[in-house]
Amino acid sequence: MSVLVLALLLSATPHAPQQAGSALLDPTREARVQALGKMLRCPMCQGLSIADSGSSAARAQMDRVRELVAEGKTDDEIRAYFVARYGEWALLEPPAHGVNWLVFLLPVALVLVGALVIGRLVRHSSVAQAAGAQPAPSPASADPYLDAVRAELKK
Amino acid sequence: MRGTLGYAFVLGGLLCAIFGAVVGIEGGLRRRPATRLWVERATTGFFLCMLGANLTMVWALVAHDFSVQYVSHVGSRSTPLVYTVVSLWSALEGSILFWGAILGVYLFAFARAQHDSRGRNVEMALGAMLGAATFFAFLIAGPANPFGPVSPVPPDGPGPNALLQNHILMVIHPPMLYCGYVGMTVPFGIAVAALLDGHLGEAWLNALRRWTLLAWTFLTVGIILGSWWAYAVLGWGGYWAWDPVENASFLPWLTATAFLHATMLQERRRVLTLWTMSLALASFALTVLGTFMTRSGIFNSVHSFTQSDIGPTFLVFLGVVVAVSIGLLAVRGPMLAPEDPLPGLASRETAILVNNLLFAALTFTILLGTVFPLVREAFFGVRVSVGAPYFNRMAIPLGIAVLFLMGVGPSLPWGRADAGTFQRQFLVPLAVGLAVLGGCLLAGLRGGAALTTFALGGFVATVTLRELFLPTFVRMREKGEKPWTSFARSAARARRRTGGYLVHLAVVLVFVAIAASQAYVQHTTGTLMPGQTLSLGGYTVRFTGLEEGADPHRRWVAARLDVTTPRGGHGTLAPRMNFYERSTDPVGSPAVASSAFDDLYLTLLAFNENGQGGSASFNMWTFPLVGWIWWSIPLFVLGALVAAWPKRRSVPVVSEGSTAAADAARGTA
């Protein structure tokens, strides 16, 4: 078992000697290739994208992306191509449907609820203070901290 | 022989931990300070036993005693001495043994520091910490025993994992992280004691903050060094992959950071005490979760050494920690919470609350993203990936909000802001931020996230520098002191304030460096014959030839390149591939030329020794400002040291309203 894990570990680094991959496309289309590569998972690495990994498998997939881009396929078609082959697992960001929505919505919900709680805390407190008719201490100057520094200097 | 000796130490440590935990918790519950002496003795015993066990293991490693199981797994006669010693933490069993030693040191230091304190439930705190120690001692004695015998004794071993003996950073990065992880045990113990007693006095709050700050500092350095190691060793050109284990180290850092800010609120007003204690407990629980994720092998990662059977034990311990924490918070929490009112919306207090919300949201998001694939597969049988694109999408807005708040919070007064606050505190920093933005646009830089970060960086740096140096200017003007004397004195009179702002400056550096290196990275790749060149971002490299060599533990092939930098400098770089005896695949070593502006990063992809002279393929990157991430470490450490250094006398420098609140709080405590 450990041998297998070690092999997986080390597969992130290239075998030598080997082919260096197909030639880059023109800058606009190559940028698309790289952007797509960043979204696709290298099948043998630990969560690296095929654009980041130097393994031979990842570079073969990058070449495949390059071919598909050169054939004029759209980004969605290329993603669908990889999902059809490797399953949703191939996408580094889960597609937004079904249960997957949870990973996007729960954090947003947390922030909203938290903001609501803070808002209520502050409002309640302000009302309570106003009811207590506490006279606000008027600051002697702009910065209370600097006032304290000055007061200390005078000692 | 060494195996038996080491195991005896482990058993001794286990007994001390069990005894101390039972006596401490029992004595703490019944409030019998007389038990303190015995708990302290048990702590010393645990410390000495763990030290003994670790020294025995190092001795066995250095002596190549392959009759000890762990040595037979990671030792090798051809490994250099430094990596032999370091292999103490290069695999599962050894790293848990090492964890035990650090835990011993922390507990011993805490017991010494609290030796003379009265009126605090130290026996309870130590009892809870020794409870955690019992778990780790049990792991070392049972499921992860490194001292087991080997028969027949092999003549040599395989040596440590090739990736882990490739770079000197491996010598310091793991101990730093462990010191950070293990350090969270102390705040956990204090929090448990405070909750059981039903009150958190000023002295306990102080101890809680200082020990958390210590662990936080180690964790910060450990995380940054870890990213540096990934950058310098793994050769994919990145420093942060949102790998589950990287996330695991980041989670307790986030909660500890939130906690350190929340304590400022605690000192001035009794608000959200329960929340603050939850953060201290969560930081510990998350270190346990992190270790579980790292060591149980449920994730495939650079860090999961091997499939092992310590997973269930860890899961049980994690369950106990979470159950105890929630139980204590639920049962004892209400006793801690005479809540003071909060001032208006525009106040430092509210800014700290929002800070805590943002850090909680970051923690939750990263935790969710990390465990979601496990949950999805376990309950729905579908394999999904949650990787860098998700984390970047979610974390970048939250990170930018944190950066913005770092400028807003320090500019708002404690209590209530008046009408003039905006003009007085915000106008100049905002102008600086806009000027930075304008400058960047004029320089032709584009990209929303990066430009926002730079503009906010200018805003926050201005606020921070003002807060750092205004007291100095006041002293210089009104007392006629020399600049340096004046700065030293105003810093010495407000250490935590000064330290905190130094750390804020370091954070701004890291933010700017990450934004620049992510947004303006350049990349190319090419296959070169000797004499051919490749150019990128003003750098030109000329391939001059292949070179072979051998170290005692590996062979390597390096490609030599002459480098011309954009500023006219010359140098040579030699990215290489290392071939370890017992590893079939090569491990690449990238070559990096660093400057204050950018890094040139080269990896050797492939080489071909046939033909005329042999060709080689390279990956070539330039990363603007990336080095600033690691160069921020001294500033982080300096800030933390300034803030945590024990003070001889305290000068209360707080505003009127908050002094009254603090007095009231002390009265109820």
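**Helix α2(A).** I started with what covers the buried residues of α2(A), and the cover includes α3 (56-70) and α4 (75-86) of chain A together with α14 (388-411) of chain B. Helices here are DSSP runs of H or I with at least four residues, strands are runs of E with at least two, and both are numbered from the N terminus. I count two residues as in contact if their C-beta atoms, placed from the backbone, lie within 7 Å.

Before going on, I noted that this is a predicted model, where local features need pLDDT of at least 70, side-chain atom pairs count only at pLDDT 80 or more, and totals for chains, interfaces and linings use all residues. Residues are numbered from 1 along each chain as its sequence is written, while chains are lettered from A and ligands numbered from 1 in the order in which they are written.

Which residues of α2(A) are buried? I found A:Val33, A:Leu36, A:Gly37 and A:Met39. Seen down the helix axis, the buried residues of α2(A) fall within an arc of 155 degrees, so they line one face. The arc is that of the directions from the helix axis to the C-beta atoms. On the other side, A:Pro27, A:Thr28 and A:Ala31 are exposed. My cut-offs: buried means 20 or more other C-beta atoms within 10 Å of a residue's own, exposed means 12 or fewer, and partly exposed is in between, with C-beta atoms placed from the backbone.

**Helix α6(A).** I looked at residues 144-154 of chain A next, where A:Pro144, A:Ala148 and A:Val149 are buried. These fall within an arc of 150 degrees down the axis of α6(A), so they line one face of the helix. Their cover includes α16 (448-479) and α17 (483-493) of chain B.

**Chain B overall.** I get 21 helices and 10 strands in chain B. Its radius of gyration is 27 Å, close to the 26 Å that the globule rule gives for 669 residues, so chain B is as compact as a globular protein of that length. The radius is taken over C-alpha atoms, and the rule is 2.2 Å times the number of residues to the power 0.38. Buried residues make up 54% of the 669 in chain B.

**The core.** The largest nonpolar core has 224 residues, and among those touching the most other members are B:Phe46, B:Leu107 and B:Phe136. Helix α9 (residues 202-234) of chain B gives the most to this core, with 17 residues. Such a core is a set of buried Ala, Val, Leu, Ile, Met, Phe, Trp, Tyr and Cys residues joined through C-beta atoms within 7 Å. I checked B:Phe136: leaving out residues up to four places away in sequence, it touches B:Ile96, B:Trp99, B:Gly100 and B:Leu103.
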